[in-house]
Amino acid sequence: MKRRASTIVTDFLVLGSGVAGLQAALNLAQGGQVLILNKGKGPQGSSPYAQGGVAVAMGGQKDQEAHYQDTLKAGAGMCHEEAVKILVTEGPQRIKELIAWGAQFDRKGGQFLYAKEASHSQARVLRAKGDTTGEEIVKTLLRQSKQHPNIKLLNHHFILDLMIRDGICLGALALNERTGQWLPVLAKATILATGGTGQIYLRTTNPEVATGDGIAMAYRAGAFLEDMEFVQFHPTALCVTHAPAFLLTEALRGEGAILRNKRGEAFMKRYHPAKDLAPRDAVSRAIWAEMQADHQPHAYLDMTHLDKTYLIKRFPMIYKTCLSYGLDFTREPIPVSPAAHFMIGGVKTDLDGAATLQGLFAVGEVACTQVHGANRLGSNSLLEGLVFGVRVGKAARRFAARHYKKAGIPGDSLTLDLTEPPDLDLSEDQILEIQRKIKQTLWEKVGVVRSERLLREAITVLTSYHHRLAGCYPSRQIMETLNMATVAMLISTAALNRKGSVGVHFRSDYPKSHGRNWQAHKTLVSGPWRPLTSRRHPPDIGQDCRYKSLLLSAGSLYKWWCVPSLLLDIFYNI
Ligand SMILES: Cc1cc2nc3c(=O)[nH]c(=O)nc-3n(C[C@H](O)[C@H](O)[C@H](O)COP(=O)(O)OP(=O)(O)OC[C@H]3O[C@@H](n4cnc5c(N)ncnc54)[C@H](O)[C@@H]3O)c2cc1C
């Protein structure tokens, strides 16, 4: 069956409307028309949920040096040093711009109030209304975007896949969720800002939209992915039956909250010299170990010894949410356990957000500049979106001006013939069951503690689900589930491939960093239908000469490749 679909043409296409996408759009708008496409009804990614705040060194060079050192230390020797330098030095200017656009950060007597969080050597985390910083930043960027004549934002448009011709990204294929129509969008540059992948885990702090779509579609398109084994678990998410894994920010421990086990012991002193303020990976593993030892589904976060009035004022949203589950943190310890929180790896980019396919850029949580190394310093992620959002905007404008100097976007007058794949639908219940199995598999076998046996078991299970999804009609739900399965396999493969422990990646069979090249970053690439070679796309795109990359052979992932094949044919036929 054939279906005709006319195209939309724009200068710049931004996929996702979180902090990173909106910030990029505002910069891109200086160079042409920007179309932002977003699945669902609005910015429902992680950005509006960010509670702790945004880390920034506003006090000049000495402050920036301290922020730089803290980020490198948390990153366990694997940060791209230049990327970190950019983050800490360009960050203050981005915050000043936000304030000029009307963002309100908490102050006392006219001075900013900075919070101190785990692994930060000083108080440098700016916050808004206590614990709603992400919401304030998104609101500000959204307001600016809506006022800009060059920016158009369309919600309810789910991106199915990127459109590639001759190794160049020409835009993306969207599904209008309301009408069911496919909408090919052609653009001079396409910016992936689709956020994280937390939904592939049973326990996650991430919202429902975090299904890893951007990483999966970049992989299908042949872009390089990097550091996929590095998934950060937040140590303290609420653990109550039938409640989501609501995040209890590190700032609580910054204010003096203490982790306790079933017996009431403050156990962190046995695990790390920094006790409750140890890095996230260390705290997550410690809680995990206590849970295993006590055969308990959680540990406890105790704030009952702290000033009640101050706590309620400082964390109003958290207080209200806990109360809604019948828990008053001023009176009783709160049950907590780790939950998947942040995807450190992702679409490999250079320091300007350029992916390894021309015309494709990535920014925010979907991207991997190596700025977080093997473990992200808390509250650096909002700043990453703000800083690299501007850089990606500038780089994409430069690319468009250079690449499309003489000719316009190819195919801008084309009407595409879209061949629909066979209609092998799974029922809603079957899809939900597959999602549940993927989440459970990842949680049990590719979680806080990993081993070769568990990872191999996970890959076997995930492969079978991937095959079942292949060939189904690409609805939003099917594609999200397929994307989850793809990303789950990529994480498992990368985790199996890293024989050693570093940062957030812990292997019980290799508990130490391993081998001479333990700091090497690992790259994954697809290749069965359009083989890439390291010659055409040299992996060494970083500016850091110490940068190393391991290219998995294209064939090693071939057997898992089973995206609806007719969809891929579209891209050849544009
Ligand atoms: C509970 C929580 C608390 C956090 N607290 C902090 C904090 O205090 N400080 C900090 O720095 N970081 C924090 N983080 C991390 C931080 O919020 C995120 O890493 C960051 O906001 C990611 O921004 P983003 O723009 O890359 O993605 P997101 O904000 O997740 O936005 C992604 C967008 O892409 C859209 N999208 C995805 N797939 C598709 C598709 N196929 N088609 C169309 N649209 C699509 C989504 O709808 C969404 O709008 C927190 C995260 C969580 C979950």
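**Close-up 1. Helix 3 meets helix 10.** Helix 3 (residues 81–100) and helix 10 (residues 381–403) pack with their axes 8 Å apart, at an angle of about 90 degrees. The two helices are therefore roughly perpendicular to each other, a term for angles of 65 to 115 degrees, where under 35 is roughly parallel, over 145 roughly antiparallel and the rest oblique. Axes are lines fitted to C-alpha atoms, for helices over the stretch in contact, and angles run from 0 to 180 degrees between N-to-C directions. Helices (H or I, at least four residues) and strands (E, at least two) are DSSP runs, numbered from the N terminus. This is a predicted model, in which local features need pLDDT of at least 70 and side-chain atom pairs count only at pLDDT 80 or more, while totals for chains, interfaces and linings use all residues. Residues are numbered from 1 along each chain as its sequence is written, and side-chain values use heavy atoms, with hydrogens and water left out.

On the helix 3 side, the contact (heavy atoms within 4.5 Å) includes Ala83, Ile86 and Leu87, and on the helix 10 side it includes Leu383, Glu384 and Phe388. By class, this contact has 10 nonpolar, one polar and four charged residues. Here Ala, Val, Leu, Ile, Met, Phe, Trp, Tyr, Cys and Pro count as nonpolar, Asp, Glu, Lys and Arg as charged, and the others, Gly among them, as polar.

**Close-up 2. Helix 5 meets helix 13.** Here the axes of helix 5 (residues 213–221) and helix 13 (residues 476–497) are 8 Å apart, and the packing angle is about 75 degrees. That makes helix 5 roughly perpendicular to helix 13. Look for Tyr219 and Arg220 among the contact residues of helix 5, and for Met479 and Leu490 among those of helix 13. The contact divides into seven nonpolar, two polar and three charged residues.

Close-up 3. The open sheet has the order 14-17-16-15, with antiparallel pairing; two strands pair if DSSP finds at least two bridges between them. Strand 14 (231–238) and strand 15 (258–260) are the edge strands, each pairing on one side only. On average, neighbouring strands are turned by 45 degrees against each other, direction ignored. Strand 15 joins strand 16 (residues 299–302) through three bridges in the antiparallel sense, and Leu259 stands opposite Leu301 in strand 16. Helix 7 (residues 280–294) packs on the sheet and touches strand 14, strand 15, strand 16 and strand 17 (334–343); the helix direction makes about 60 degrees with that of strand 14.

Close-up 4. Two bridges link strand 4 to strand 8 (residues 125–126) in the antiparallel sense.
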